[in-house]
Amino acid sequence: MEIKVAEYNDYKRIAELHAISWQENYKGVMNPLYLKDEVLEERMLIWQTRLINPPMNQHVLILEEGGEMCGFICAFGNHDFEKGSIIESLHVAKAYQGQGLGRLLIKEMVKWIEHYFADSGVYIEVLAKNKQAIEFYDDLGGMHQSDRTWHSPCGIDINEWVYTWNSPKDILSAVNV
């Protein structure tokens with residue numbers, strides 16, 4: 001397995017994995033027509049835009065094995081004045097889940113956050129109905145700080161939970177257990 005910084009030419013593979021992940025995990029939560037007909041095109045546009053001229057506080061890592069995309073993670077340093085840096089996306093392909101790859105991606109991303117934004121907290125927003133992700137963030141010592149409403153790209157307002165850590169070191173200590 002190889003972790004590397006995403007480049008522009010990775011946007012299609014990232015978008016495809018992102019769309020498939022949403023299709024698998026957000027059934028019954030997001031509009032089924034959006035998931036079937038629109039999510040891939042919308043994710044392609046998002047990732048192409050993010051990777052063509054990334055802001056200085058954006059970091060995207062991909063995990064590959066033999067050229068196959070296994071997972072990716074995206075963070076924005078110092079994204080929120082109060083909560084700090086956001087881990088905006090974390091997705092692992094279904095065939096690779098349960099192998100610790102999510103932890104590996106978190107660990108590598110948090111090293112970057114700690115290097116550049118050590119004095120800020122870290123947070124992630126997770127759909128309240130995404131039980132698998134909630135268990136994962138609970139296991140990493142995340143604190144369910146608040147609830148909020150996400151106005152999703154399919155036009156539906158969805159309840160999500162905000163998980164926080166006081167510092168990057170808090171996540172690193174949980175990942176290394």
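## A walk through a predicted chain

At a relative accessibility of 0%, Cys74 counts as buried, a word that here means under 20% relative accessible area, while exposed means over 50% and partly exposed lies in between (1.4 Å probe, protein chains only). Cys154, at 17% relative accessibility, also counts as buried. The sulfur of Cys74 is 18 Å from the closest cysteine sulfur, that of Cys70, which is too far for a bond. A search of the whole structure finds zero disulfides, a disulfide being a pair of cysteine sulfur atoms within 2.5 Å.

This is a predicted model, in which local features need pLDDT of at least 70 and side-chain atom pairs count only at pLDDT 80 or more, whereas totals for chains, interfaces and linings use all residues. Residues are numbered from 1 along each chain as its sequence is written, and side-chain values use heavy atoms, with hydrogens and water left out. The chain averages a pLDDT of 94, and 99% of the residues score at least 70, where pLDDT is the predictor's confidence in each residue, from 0 to 100.

Seven strands form an open sheet with mixed pairing, in the order E1-E2-E3-E4-E5-E7-E6, and two strands pair if DSSP finds at least two bridges between them. Strand E1 (2-5) and strand E6 (143-151) stand at the edges with a single partner strand each, so one side of each is left without a neighbour in the sheet. Strand E3 (residues 68-80) contains Asn78, whose phi is near 50°, a positive value in a residue other than glycine.

The largest nonpolar core has 50 residues, of which Ile14, Ile106 and Tyr137 touch the most other members; such a core is a set of buried Ala, Val, Leu, Ile, Met, Phe, Trp, Tyr and Cys residues joined through side-chain atoms within 4.5 Å. Its largest share, eight residues, comes from helix H3 (residues 101-117). Not counting residues up to four places away in sequence, Ile106 touches Ile73, Ile87, Leu90, Phe136, Tyr137, Leu140, Ile171 and Val175, contact meaning heavy atoms within 4.5 Å. Another core, of 12 residues, lies apart from it, and Tyr26, Val29, Met30 and Ile158 are among its members.

How values were computed:
Helix = DSSP H or I, 4+ residues; strand = E, 2+ residues; numbered from the N terminus.
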